[in-house]
Each structure stands twice: as C-alpha cells, then as structure tokens.
Amino acid sequence: MVSLICTLRDHRDDINCCAFSASLLATCSSDKTIRVYFTRDFSEAAFSPLTGHGYGVHCCCFSPCGQYLASCSTDATTVVWSMDTGEIVTVFEHPGRSPVRVCVFSPSASLVSGASDGTLALWDFHSKTLRRTGAANEASVVACSFTPCGQMFATGSTYGDIRIWDVAMNPLHAMKNAHDLGVTCCHFDSKSQSGGLVSQFRLASCGQDSQVKIWIVSWHAAAGVKMQLLHTLIGQSAPVLSCAWSTDGQMLVSGSVDKTVTVYDAHQGVLLYTLKQHDRYVTACAFSPTSSLIATGSMDKTVNVWRVEDGSSGHEGEGKSLPVEASDVTGEGRKLPGHSRLLVCDWSEEDVSAWLCAEGLDALVEPFKANNIDGGELITLTKETLAVEMKIESVGLRNKVMRKIEELKTSLVCSGIPDEFLCPITREVMKDPVIAADGYSYEREAIESWINSKNRSSPMTNLPLQTTALTPNRTLKMAIGRWRSSQ
C-alpha cells in the first residue's frame, strides 16, 4: 500500500520539481525559491529557502554525492548551491540567455542544462567552465537524464522527440515523435545490463499524449545506439508531466494533469496504485534513493510525501492515504499585526520595523531604518544585500531574516490574490500591467527587461514576439486598484 505521511505547504506558487538526496528533499517553484527539507522528519533546513533566482525555478537536482544542489530558471541561469551552508557555489549563465528548463548532474558531476531555444550546455562543475554546447532542434528542451554509467544522456523536447547524446555532445540517436504533442519528462533507470559488447538501459518518458513509455536503449560497440519500445502505460487520462524510477527499478511513478499520481510495476507494465490527494495538476514526482518514499509536487502549491509499504501486492487499486489535516507540515507563522492586511509592497518603514519586532528580529530594526527599507525593498532583499550593503555580519541572522521574509510572502501573498493580477514573470501583483504581442499581460518593467535580454521570445509560449509594442491594460489596472482598496 501507499500512505500519505505529510504535506508541505511552504511554497506560494506552482511546484515545478522535486528531488531527493540520501538525506534531503529539495523542491522548487514558480515563486522563485528552492526549499530544502531533512527527510528524517521533513523539518526545513536553516538555510532554506534558497533565493538566488530572479524568476521562477523550473528544475532542481542533487549532485551524486549529495553535497550540492543545482537549480535552473527562466532567468537563464543554472545555480549550484552548497547543501552545508545554503550559499551559492557558482552560477552558470546559459549561452544565448535563453530560459533554462532542465538541469541534471552526471554520475561524474558534470552538469547539463537545456533551454527554451533548443540548446544544450555541458558544464564542468569542478572547474566551473563551459565545456561544450549543442542544439537539439528549435523546440524547447524540457527533459534530460544520464545513463547510470554517465557515458550517454537523453533529452526530450516540446516537438515530441527523444534524442540520445554522448558526453562529447555528439548525437547518437533520435526517436522522432516519441510522444505526440511533446515530451514532458524522461528518466533513466539506475540499473543497467551489460554483456560483451552490448549495454542496455531502461528509459522512462512521458508526454502530452497522456502516456508513459518505457524504452530499451541499447548501445553496441559496432552498431551504435538503438531504442525499442517496451511498454506503453495508459493509467492516466490527461497529459503526464513527470515520471521517475524507484532506485531498485521495480516501480515507476508519474504525475498528470488529471491531478493523479500513478505507481506502476515497471517490469510488467501494470498499474499498482492511483493516488488522488492533489487538487490541481501534478507537475513533479521523485523516489528517495535510500528509503521507500515518494515526493509529488503540484500546481496546488503543495508537496505530498508518500510511503510505499513493503509487501504490497494489489493491482489497479488506489493507495490509501492519511488525512491531510493529520499530516500537514506548513510554513505558516503566527498571526501578524494589523498592518498585515496591506500588501507587503505597500508597507511603510514603520510597518517593516513593527514586523521585525513581532518576529523577534529587534536587532535589525536600526540597520533597516538606516537603509530606508520599506515593504517594496523588504520583499526584494537578498542574502548578498544583507551582507554587503547592510553590513549584517551574522550568517545565522541573515538566514533567519530571509526565512522570515519567505514565510511573510507565503502568509500574505497566498491569501486570495487572483492569479490574473500576478505578473507571469515576477509572480507579484502588477502596478503597471501591459499587454504584449502574445496576448498576455505583464508588469511593464518586467516585460521590457525580458524583451531587452531574451531575444524577444514570449515568456509564456517561448515563440517569437511579432512586435515589441506594449499596450497598457487599463481595465486590469483598475481591477487591481479596486482589489487593493478592498484589502
């Protein structure tokens, strides 16, 4: 059986990815943060959340040793973090400044990143240099996984192709139309079979065609690489957005737009469990490498952690789960003072001082006043700003205030703001909304910055903008004004 053991509610926007190390769980979100939890009790690490990205974070992954975490974002960077301190180790800026959709470590600790313009970058983590670049096609690269030997990797694109590459970025094989309408995820089993001159690997993929597929990828010294379809799994009724193998290769988990999580017997291609705890699309799933845990993330802003019990034998059943109320782990803080009814960006310097005192951060009141930190400044603070510009020397104090700021955003921003009032780029309430050529509304400053640095592609569709002209959305601005007045 499969049981729900806890629900994490700390993110304030869609969950995009989950990843396990031997002792940690990392989650990333469109709220621009990565959160890190200890798997022993799912308490949050002292340095969490990680806040170095300027836009939403699409993917996160641990290094093989578990000492580092990589994350990639719409801001065109892949950031590597220390899991000892939470500090940034290095920042890789993707060639061409295209939004980075996926990143993955190789077993030897190289790092591959794939971007919306169809390009790939292979980074040497130890020397912090770019080793090679490649191009899959003009479609976005949204999926990537290394074979357990680290000599090959697979990529999946929004065109629906799966491509196999060697570590020199040479294309070895292309499976056209592997998934109709696009691939969303791919993942190699950690087990492989080798005999003589042949090595075989199992690759799972999923896509917009509502299917999960298991492929046999064979490498032969003379014949090269071949792909053969082994199973097509149809346990979900809508596009499948994520899939992951268990460490022993016995099970496969997937998450779908139909709000379900499915667990399959990977050898027989048989549906074992369907889990229905999420309220919106399930966008992420991962197996723990050291225990019988599964993490699933959703557009409902939650991460569910499940335990797969030993000895399960049912087929096509629905996993039982604990009541959510009994198992929640949330990021909600104590009730805030009366000014909390205002949007944080509308707080005065006095409101910020009152909040610091309420959170037990009295020692920061004077430096915040000296630097004229109001609500707008508060929500854009970074650890670097605190250390370099505000001269706050204590690492513990810097981490604490950043954690409290993220809790503040969660408790205030998540309380009923209509999604259409949020800029798709910054995920903050718009002050000067404008309509771009793709038909979407954005904060003027954010979309202008995007156009100037992102090759004039749409942040929402990744297609070229036919014009850079922006039209003020006065109707939306008035609606936001009315909503602000009612708060």
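The side chains of R97 and E93 form a salt bridge, with N and O 3.3 Å apart. The term salt bridge here means that a side-chain nitrogen of Lys or Arg lies within 4 Å of a carboxyl oxygen of Asp or Glu. Side chains of opposite charge can pair when their charged atoms come close.

R97 is partly exposed at 26% relative accessibility, and E93 is partly exposed at 48%. Buried stands for under 20% relative accessible area, exposed for over 50%, and partly exposed for values in between (1.4 Å probe, protein chains only).

## Basis of the values

This is a predicted model, in which local features need pLDDT of at least 70 and side-chain atom pairs count only at pLDDT 80 or more, while totals for chains, interfaces and linings use all residues. Residues are numbered from 1 along each chain as its sequence is written, and side-chain values use heavy atoms, leaving out hydrogens and water.

## The count, and the pair E44 and R35

The model has 9 salt bridges by this rule. One of them joins E44 to R35, where the closest N and O atoms are 2.7 Å apart. R35 is buried, with 2% relative accessibility, whereas E44 is partly exposed at 25%.

K176 and D161 meet in a salt bridge of 3.8 Å, N to O. K176 lies in the loop between β16 (171-175) and β17 (183-195), and D161 in the loop between β14 (152-157) and β15 (162-166), so the pair ties together parts 15 residues apart in sequence. Strands are DSSP runs (E, at least two residues), numbered from the N terminus.

D161 is buried, its relative accessible area being 7%. A network of salt bridges links D161, R163 and K176.

Terms used: Helix = DSSP H or I, 4+ residues; strand = E, 2+ residues; numbered from the N terminus.
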